Every structure is written in structure tokens, then in C-alpha cells.
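Thanks for asking me to look over this one with you.

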Amino acid sequence: MYAIFGRSSLEANRIDEITGMATSMVIPMAQAQAGHVATYLSHNEDFTRGASIFVFETKEQAESFGASMNLPPEAPVHIESFEVFEVF
């Protein structure tokens with residue numbers, strides 16, 4: 001299995017919008033991908049930083065999902081990085 005780890009900055013004053021985006025768009029999009037195993041989303045205490053883990057069966061599936069994560073510039077989440085790691 002492979003996990004794609006993401007880091008992002010969040011607009012804390014838009015946390016309700018971020019939560020809605022996660023449950024209505026990001027999680028369903030991940031679950032619809034071939035090989036999806038699990039999704040974990042988190043944020044720090046003051047809602048300014050986010051971290052995500054998306055687990056897939058293969059490296060190619062993880063990389064494909066990472067490449068598909070394009071948010072519009074006006075989104076309250078700003079993706080800083082995605083990196084794929086093997087799960088052992």
C-alpha cells in the first residue's frame with residue numbers, strides 16, 4: 001500500500017466552508033478513486049494548518065490521486081505539498 005501525505009495552509013475564518021468542502025468534495029473524490037483504502041484529514045488547534053493522509057493500494061493510484069487535487073485559487077485551503085510513501 002501507498003499513502004499520499006498532504007500539507008496545507010487553511011483560512012481559519014472559513015473553517016465551516018473547509019469542513020463542508022472536505023465532506024462534500026474531497027472525501028467522496030478520494031473514495032471514488034480506484035484502490036482507495038482510507039482517508040484521514042486533520043487540522044491544528046487554531047485551524048491555520050492542515051494535514052491529510054490518503055491511502056491507496058498502489059503507488060500509481062496514490063500518485064494519480066495527488067495529481068488530481070487541484071483547488072481553485074479562491075479556495076480556503078492552499079495545498080503546500082503532497083508526497084507519496086510506501087506503507088509497511
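The points below cover the sheet, its helices and the aromatic pairs.

1. Before anything else, remember that this is a predicted model.

2. Start with the sheet. Four strands make an open sheet in the order β2-β3-β1-β4, with antiparallel pairing. The edges are β2 (36-43) and β4, each of which pairs on one side only. From one strand to the next, the twist averages 15 degrees.

3. Now look at one strand pair inside that order. β1 and strand β3 (residues 49-56) run antiparallel to each other over eight bridges. As a landmark, find glycine 6, which stands opposite serine 52 in β3. Next, turn to the helices: α1 (residues 15-32) packs on the sheet and touches β1, β2, β3 and β4. Its direction makes about 160 degrees with that of β2. Helix α2 (residues 59-68) also packs on the sheet, touching β1, β3 and β4, and its direction makes about 20 degrees with that of β1.

4. How many aromatic pairs are there? The count comes to three. In one of them, the rings of phenylalanine 5 and phenylalanine 85 have planes at 90 degrees and centres 5.3 Å apart, so this pair is edge-to-face. Phenylalanine 5 lies in strand β1 (residues 2-10) and phenylalanine 85 in strand β4 (residues 77-86), 80 residues apart in the chain. Phenylalanine 5 counts as partly exposed at 35% relative accessibility, and so does phenylalanine 85 at 38%.

5. The rings of phenylalanine 56 and phenylalanine 65 have centres 5.4 Å apart and planes at 35 degrees, so that pair is tilted. Are these two residues buried or exposed? Both phenylalanine 56 and phenylalanine 65 are buried. Together with Phe54, they form one aromatic cluster.

Technical notes: Residues numbered from 1 in each chain as written. Predicted model: local features only at pLDDT ≥ 70, side-chain atom pairs only at ≥ 80, totals over all residues. Heavy atoms only, no water. Phe/Tyr/Trp six-rings, centres within 6.5 Å; stacked < 30°, edge-to-face > 60°. Helix = DSSP H or I, 4+ residues; strand = E, 2+ residues; numbered from the N terminus. Buried < 20%, exposed > 50% of the residue type's maximum accessible area, 1.4 Å probe, protein only. Pairing = 2+ DSSP bridges. Axes fitted to C-alpha atoms, helices over the stretch in contact; angles between N-to-C directions. Contact = heavy atoms within 4.5 Å.
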